[in-house]
Amino acid sequence: MQVTFTHHQSAHCENGVASNLLKNSGLNISEPMVFGIGSGLLFVYLPFLKVNHAPAISYRTLPGQIFNKVANRLNLKIKRQKFSSVASANKALEENLKNNIPTGLQVGVYHLSYFPDEYRFHFNAHNLVVYGKTETDYLISDPVMETVTTLTHDELDKVRFAKGAFAPRGQMYYPIQVPGNVDFKNAIIKGIKDTCRTMLAPMPIVGVRGIKFVSRRIRRWPAKHGVRKANHYLAQMVRMQEEIGTGGGGFRFIYAAFLQEASVILNNEELKTLSKEMTQIGDSWRDFAVEASRIYKNRSAKEDAYNAIADELLDIANREEIFFKKLKKAIS
């Protein structure tokens, strides 16, 4: 069994799956447009929740939220299902493939055999598309990969029913209604307003205030926890930013591309200017990650390295605060 489906590589899995599934259903929507309309950009610091023995930091909304918001704002319908058994999950997937429906899945990363070992860790919010099946394998379109790939039947069962936080429970999803005409203008404005509201939220651990909060914490980590633990915390922060779900700099570049597209659709030159500014902020997130990696690999030549990296992060927070205030004004 193989359904009609075209693979397009993307920077982030959920955006890519959503874009690819919608293109397959006749709606030509780019990955950045999915990300922007779906208000995927976020920052939240959860010191009371530990991931890999370090405080949890997320640079994105909860798994599934991006596609759900895109569907809501463009008046699409998507169907989501979770399952209590492997047998029922496989039966539903096979029915879809028989009906020529490529299907999005939420899966765990650890048992994805086509991932390099260094990228295989316990993270259960990855997304891919199944578009066919042979006697031994499922045909896989993973949007972060350059080309299509495969997983054995057992491997797919394992990743669909991975254990732990955000356990996917066999979750599958796919569009069931895509209108011929959609209102991109209204959806773009709603998406931007939502992102501005979140990034400028008056909560100490969310948005730009959350970034400032982490900056203050970083200064205290070596004295409070010792250098070894502080280095581990910093390494985990960079991993969440640059590897697990694209994160800091990568998300800013995607958002900048969204604003570029939105400027044309809304005929708004200010969004084009802000797109360039967001690209520069993305560069600063990447610089932060490089400098932080030098610290936890003990290669930093700076004397007061932790305070220096905290200063970099504080500067990013201040620039993002100004940026999102200007963005909010640009579409009001």
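Phe35, Phe251, Tyr255 and Phe258 make up one aromatic cluster. Rings of Phe, Tyr and Trp (its six-membered ring) are paired if their centres lie within 6.5 Å; planes under 30 degrees apart count as stacked, over 60 as edge-to-face and the rest as tilted.

The model is predicted: local features need pLDDT of at least 70 and side-chain atom pairs count only at pLDDT 80 or more, whereas totals for chains, interfaces and linings use all residues. Residues are numbered from 1 along each chain as its sequence is written, and side-chain values use heavy atoms, with hydrogens and water left out.

**Aromatic pairs.** Across the whole structure, 13 aromatic pairs are found. One of them joins Tyr45 and Phe213 in a tilted arrangement, with 5.7 Å from centre to centre and 50° between the planes. Tyr45 belongs to strand E1 (residues 41-51) and Phe213 to helix H7, so this pair ties together parts that are 168 residues apart in sequence. Helices (H or I, at least four residues) and strands (E, at least two) are DSSP runs, numbered from the N terminus. Tyr45 and Phe213 are both buried, that is, under 20% relative accessible area; exposed means over 50%, and partly exposed lies in between (1.4 Å probe, protein chains only).

A nonpolar core is a set of buried Ala, Val, Leu, Ile, Met, Phe, Trp, Tyr and Cys residues joined through side-chain atoms within 4.5 Å. The largest such core has 102 residues, and Ile218 and Leu327 have the most contacts inside it. Helix H11 (residues 305-330) supplies the largest share of this core, eleven residues. Buried residues of H11 include Tyr306, Ile309, Ala310, Leu313 and Leu327.

**Contacts of two residues.** Contact means heavy atoms within 4.5 Å. The table leaves out neighbours within four places in sequence.

| Residue | Residues in contact (within 4.5 Å) |
|---|---|
| Lys212 | Leu314, Ala317, Asn318, Glu321 |
| Ile218 | Leu234, Met237, Phe288, Tyr306, Ile309, Ala310, Leu313 |

Lys212 is located in helix H7 (residues 207-225).

**Cysteines.** With a disulfide defined as a pair of cysteine sulfur atoms within 2.5 Å, the count is zero. Cys13 is buried, at a relative accessible area of 5%, and Cys196 is buried at 2%.
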